[in-house]
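Biologist: Could you walk me through this one? I'd like to start with the ground rules and then go inside.

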Amino acid sequence: MSDKKTLKVRLVKSPIGCKQSHRDTVRGLGLRRVNSERVLEDTPAVRGMINKIAYMVLVL
């Protein structure tokens with residue numbers, strides 16, 4: 001199991017005032033509030049979600 005690639009993502013901008021679909025994407029990634037971090041599996045689906053809200057998140 002240790003051979004799986006992971007990404008660490010941090011929410012750096014509030015989703016308040018953004019499109020509803022972008023807010024849903026933030027929640028879908030498991031991010032709750034500003035500066036919250038998640039370690040996610042590196043899959044094409046997760047990469048697409050990160051690209052969609054790239055202006056709100058930081059990949060560490």
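Modeller: Happy to! This is a predicted model, where local features need pLDDT of at least 70, side-chain atom pairs count only at pLDDT 80 or more, and totals for chains, interfaces and linings use all residues. Residues are numbered from 1 along each chain as its sequence is written, and side-chain values use heavy atoms, with hydrogens and water left out.

Biologist: Which residues have the most contacts inside the largest nonpolar core?

Modeller: Val9, Leu29, Leu31, Ile50 and Val57, in a core of 13 residues. Such a core is a set of buried (under 20% relative accessible area, 1.4 Å probe, protein chains only) Ala, Val, Leu, Ile, Met, Phe, Trp, Tyr and Cys residues joined through side-chain atoms within 4.5 Å.

Biologist: And which strand gives the most to this core?

Modeller: Strand 1, with three residues. Both strand 1 (6-11) and helix 2 (44-52) supply at least two. Helices (H or I, at least four residues) and strands (E, at least two) are DSSP runs, numbered from the N terminus.

Biologist: What is Val57 in contact with?

Modeller: Beyond neighbours within four places in sequence, Val57 is in contact (heavy atoms within 4.5 Å) with Val9, Arg10, Leu11, Val12, Leu31 and Ile50.

Biologist: Where is Asn35?

Modeller: Asn35 sits in the loop between helix 1 (20-28) and strand 2 (37-41). Its phi is positive, about 75°, although Asn35 is not a glycine. At 53% relative accessibility, Asn35 counts as exposed (over 50%).
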